[in-house]
Amino acid sequence: DDPIVVTTCAELNEMRNNLDAHYALGSDIDCSATSTWNASAGWEPIGTLAAPFNGSLDGNGHTISGLTVNRQADYFIGLFGVTGQESTITNLGLVAVRIAGFNIVGAVVGRNIGTITGTYSTGTFTSTYSEVGGLVGQNYGVIHNCHSEIAVSVPSGGKGGGVAEAEETGVGSEESGRAVNGGSRREGIDDVAPDIPRSWAAERQ
């Protein structure tokens, strides 16, 4: 089937109504208005543990800018909250995002079980408890050819990574860099994920 073409932040928000559909960005999207959505809680992440996103999103090289999530008491925070095994996210940029959550926080996905390729993020990320990554907060899927240039903040003793953070084994990165302030775990992408080839992280202060 032809993908549903998305060109506005309002249309992006509609993806939550069909979690198995195929979507493609038709232009760069400005989501800076999300800072005032939901009584200033911002964007509501798409997909939950009970109903994950199992569709696809092709960014077509476009960006989503200014996305704000301010949900400091919530789990599974990002553009997507939870993505399932059948999900794919490709060729997408999340730029100048401001993401804050309690635990399992990332720009693109809170908990990823699917596949993410050719995707990057920039901005600031905060977890008031633990597990925060520039792209993905908790990864059990595949991340390929992605990068993140971020400022990450976690409490002392928290866990963070530049691309993703998870309690899984295996590292396939070619480059890594410091990306975490406050947490006690190693920075960059050393602590991540089952499968993260050709991905890198860079520090921003």
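Colleague: Is Cys9 buried or exposed?
Modeller: The cut-offs first: buried means under 20% relative accessible area, exposed means over 50%, and partly exposed sits in between (1.4 Å probe, protein chains only). Cys9 comes out at 8% relative accessibility, so Cys9 counts as buried.

Colleague: What pLDDT do side-chain atom pairs need here?
Modeller: Some housekeeping: residues are numbered from 1 along each chain as its sequence is written, and side-chain values use heavy atoms, leaving out hydrogens and water. This is a predicted model, where totals for chains, interfaces and linings use all residues, local features need pLDDT of at least 70, and side-chain atom pairs count only at pLDDT 80 or more.

Colleague: Back to Cys9, then. Which residue forms a disulfide with Cys9?
Modeller: A disulfide here is a pair of cysteine sulfur atoms within 2.5 Å, and the count comes to one. The sulfur atoms of the pair are 2.2 Å apart. The partner of Cys9 is Cys31.

Colleague: What is the handedness of the disulfide of Cys9 and Cys31?
Modeller: The torsion about the S-S bond is about 115°. The disulfide of Cys9 and Cys31 is therefore right-handed.

Colleague: And how many residues apart are Cys9 and Cys31?
Modeller: Helices (H or I, at least four residues) and strands (E, at least two) are DSSP runs numbered from the N terminus. Cys9 is in helix H1 (residues 9-13), while Cys31 is in the loop between strand S3 (29-30) and helix H2 (37-40). The pair links distant parts of the chain, with a separation of 22 residues.

Colleague: What is the relative accessibility of Cys31?
Modeller: Cys31 counts as buried as well, going by its relative accessibility of 0%.

Colleague: How many helices and strands does the protein have?
Modeller: The protein runs to 205 residues, of which 52% count as buried. Its secondary structure comes to two helices and 18 strands.

Colleague: Which residue in S11 stands opposite Ile89?
Modeller: Strand S8 (residues 88-90) runs parallel to strand S11 (residues 115-117), and three bridges join them. Opposite Ile89 stands Ile116.

Colleague: Which residue's side chain makes a polar contact with the side chain of Asn139?
Modeller: Asn139 lies in strand S13 (residues 136-139) and is buried, with a relative accessible area of 0%. A polar contact is a pair of N or O atoms within 3.5 Å; within protein, one must be able to donate a hydrogen and the other to accept it, and residues adjacent in sequence count only if both atoms are side-chain atoms. A polar side-chain atom of Asn139 lies 3.3 Å from the backbone oxygen of Gly141. The side-chain partner, at 2.7 Å, is Asn112.

Colleague: Which residues does Gly93 touch, leaving out those up to four places away in sequence?
Modeller: Gly93 lies in strand S9 (residues 93-105) and counts as buried at 0% relative accessibility. Contact means heavy atoms within 4.5 Å. By that cut-off, Gly93 touches His62, Thr63, Ile64 and Tyr120.

Conventions: Pairing = 2+ DSSP bridges.
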